[in-house]
Amino acid sequence: MVTSSWEAPGAQTAPQAQTAASRRRGAVLERAILDAALKELSTVGWNGLTMEGVAAAAQTGKAAVYRRWPSKEDLVADALWAGLPQFDGVPDLGSVREDLLDLCRRARDAMFSPSGFAVRSVIFECDSTQAERFHAVIFKGVVEPVIGMLREVIERGIERGEVRADATNGYVFDAIPAMMMYRSKMCGSELADIDLEEMIDQLMVPLLGRGGS
């Protein structure tokens, strides 16, 4: 009987894959571990995440993980920072309503990305002592950029006469992130475009005091 040694292009046996993974060094291996930690957080959550599980997902040994991050908290802090979403510029579509909608869509897409699921698992599953470790990362990497863009959109609306002059305050800036998190967590909403439009039209436009359309 003739056996074929043909192998599909790019195919690897398990030992070959493990050998290829073991050759990674430095920043390449660290990036693979951080990506694996984010993926694990987004699928099994904070409570289900283990250093051994991250090592397996990254196709490396657990010693390689522990050498770089002595604890689960250390690994997650770096993984969250490395995976935070990047917001490209403040929308300027001609009206406050359209700018807010665009910003909400970006925030929604970030929330439901692997890094977004990871951030939410940390926020909702960690106890208060553990969560303190990650507050600075989440605030500087997520909250501050979103609030900064909201501020610019609303200040531009004030200059155009679309928004009341006293609308630039912390409660207004908190309204969109708080509502999106609440709807996602408590209502199980996936925040479809129609949900975002209703939030802007029924909450933000009245809150800002003057029509944004």
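A residue is called buried under 20% relative accessible area, exposed over 50% and partly exposed in between (1.4 Å probe, protein chains only). The structure is a predicted model, in which local features need pLDDT of at least 70, side-chain atom pairs count only at pLDDT 80 or more, and totals for chains, interfaces and linings use all residues. Residues are numbered from 1 along each chain as its sequence is written, and side-chain values use heavy atoms, with hydrogens and water left out.

Aromatic contacts were examined next. Rings of Phe, Tyr and Trp (its six-membered ring) pair if their centres lie within 6.5 Å; planes under 30 degrees apart count as stacked, over 60 as edge-to-face and the rest as tilted. Trp46 and Phe134 make an edge-to-face pair, with 5.6 Å centre to centre and 70 degrees between the planes. This pair links distant parts of the chain. Trp46 belongs to helix H2 (residues 26–48) and Phe134 to helix H8 (residues 128–159), 88 residues apart. Helices (H or I, at least four residues) and strands (E, at least two) are DSSP runs, numbered from the N terminus. Phe134 is buried, at 0% relative accessibility. Phe112 and Phe117 also pair edge-to-face, at 5.7 Å centre to centre and 85 degrees between the planes. Phe112 is partly exposed at 27%, and Phe117 is partly exposed at 33%.

Trp46 has a further contact. Lys72 lies over its face, 4.3 Å from the ring centre. A charge sits over a ring if NZ of Lys or CZ of Arg is within 6 Å of the ring centre and within 35 degrees of the ring normal.

Side chains of opposite charge can pair when their charged atoms come close. A salt bridge is a side-chain nitrogen of Lys or Arg within 4 Å of a carboxyl oxygen of Asp or Glu. The count is 16 salt bridges. Among them, Glu98 and Arg97 have their closest N and O atoms 2.8 Å apart. Glu98 is partly exposed at 30%, whereas Arg97 is buried at 17%. Arg108 bridges to Asp109, with closest N and O atoms 2.8 Å apart. Arg108 is buried at 13%; Asp109 is partly exposed at 47%.

Arg156 and Glu152 form another salt bridge, the closest N and O atoms being 3.7 Å apart. The two residues are four apart in helix H8, so about one helical turn separates them. Arg156 is buried at 14%, and Glu152 is partly exposed at 39%. Salt bridges with shared partners join Asp92, Asp99, Glu152, Arg156, Arg160 and Glu162 into one network.
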